[in-house]
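Dear colleague,

Please find the structure below, together with its sequence. My notes on it follow.

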Amino acid sequence: MPESKMTATLTFDNKSIQLPMHSPSVGPDVIDIRKLYAEGDVFTYDPGFTSTAACESAITYIDGDKGELLYRGYPIEQLAEKSSYLEVCNLLLYGELPTETQLRDFVVRVTMHTMVHEQMHYFFRGFRRDSHPMATMVGVVGAMSAFYHDSLDINDEWQREVAAIRLIAKTPTIAAMAYKYSIGQPFVYPRNDLSYAANFLHMCFSVPAEPYHVNPILAKAMDRIFTLHADHEQNASTSTVRLAGSSGANPFACIAAGIACLWGPAHGGANQACLEMLREIGTVDRIPEYIARAKDKNDPFRLMGFGHRVYKNFDPRAKVMKESADEVLDLLGIHNNETLKVAKELERIALEDEYFVSKKLYPNVDFYSGIILEAMGFPTSMFTPIFALSRTVGWIAQWKEMIADKDQKIGRPRQLYVGATQRDYVDIAKR
Ligand code: CMC
């Protein structure tokens, strides 16, 4: 851990405690409070971890004020433009951009794991057809631990690696199967001659009765969506994966926990909620009504796809996503798309509105992604599963980093207890 020359002094109740500090490679310094309870008999209070670094990490960095997102130091805009999703996976997992040979080898390793155990097909059939694909994904990804017993030992580095590759390779297959199951179509096996993104489109949209040709431009847009969602440092679902993993739980169970967390509308579920909101607004003239609702303290309504815990300038992923939305709609010949019109006008108004400006609320990654995914033919229920399969690499890279971290301990937050103090049991007849 990088030590800093600075220390912090905490004074309270006539006590003074010296706390060591650490300097990150970039970003705010960190006060190390690990000995605070032992030396000061106090806890710190930080619901939502707004000021707490829960781990050391070298994977992803966000500068919320600058609107900067770096994967292993590389800006997201450069990766979205020049790289491919599997190259980004390789970067996130192993720390460096791969050489041509390393990338070829990685692509082959992932591609060889795209099929799921045949028995899993029957497992799917236990779900109702109208289950949300995220519900199915939580169950099926969790169930991978019942199918792949040879990659469950978290203390074996080789098994951890195999589990990582399996998860990256199979989550698109599982997401596509969840979709096919929900619409009553047969499952489509993966095709290993296609790219990662093209194969996903093929598994979602082809049917045995007809030939299906994947549009390479749509495959590129899909690949870019995967890249933009690949990792995002210690967000809620990643922290969930780390917390689940800190007990020694197997990687499939941990990723299932991450998927469950991602589903919430404040997190990955926002892409579905955002498109539904844009559709509900419907026409540009109804925007002021919704802006007023978002500002009303007594109305729980929030503008979905707006705001972020860390970005207080702009979300760089949203910028790339907006450009992609224009490109994809153009390619598909979708002009005068009413939802896109509402989105653009909503963004324009919100960016000028005192409420949103003063609270630094900008469009986030989920604001435009739904428009692209809908244009590609995905129903809204598939938006969050697509986020989940893209984020799997980030979750698993962070999980692997945690397992290898010597300072790692079981996650066990403390609390500010405000309940009853000790009291004696009262017999039911006397209450
Ligand atoms: N619409 C209206 N007001 C908002 C919004 C919004 N979308 N987001 C935040 N605010 C207000 C909020 O009411 C609060 O006001 P006040 O200070 O008067 O109480 C202030 O802005 C700060 O909000 P917060 O909830 O304390 O901020 P947070 O960091 O805890 O929450 C957030 C971040 C993303 C959960 C929140 O902005 C939100 O709910 N946004 C809508 C859901 C969304 O788009 N989520 C996707 C996030 S990006 C994808 C991902 O990585 O998950």
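Is arginine 279 buried, partly exposed or exposed? Arginine 279 is partly exposed, with a relative accessible area of 42%; buried means under 20% relative accessible area, exposed over 50%, and partly exposed in between (1.4 Å probe, protein chains only).

Please note that this is a predicted model, in which local features need pLDDT of at least 70, side-chain atom pairs count only at pLDDT 80 or more, and totals for chains, interfaces and linings use all residues. Residues are numbered from 1 along each chain as its sequence is written, and side-chain values use heavy atoms, with hydrogens and water left out.

Arginine 279 forms a salt bridge with glutamate 374, their closest N and O atoms lying 2.6 Å apart. This pair links distant parts of the chain, 95 residues apart: arginine 279 belongs to helix α12 (residues 270-281) and glutamate 374 to helix α17 (residues 366-376). Helices (H or I, at least four residues) and strands (E, at least two) are DSSP runs, numbered from the N terminus. Glutamate 374 is partly exposed, at 24%.

The structure holds 21 salt bridges, each a side-chain nitrogen of Lys or Arg within 4 Å of a carboxyl oxygen of Asp or Glu. Among them, glutamate 347 meets lysine 322 at 3.2 Å, N to O. Glutamate 347 is buried, at 11%, whereas lysine 322 is partly exposed, at 28%. Salt bridges also link Asp105, Arg109, Glu161 and Lys400 in a network.

Yours sincerely
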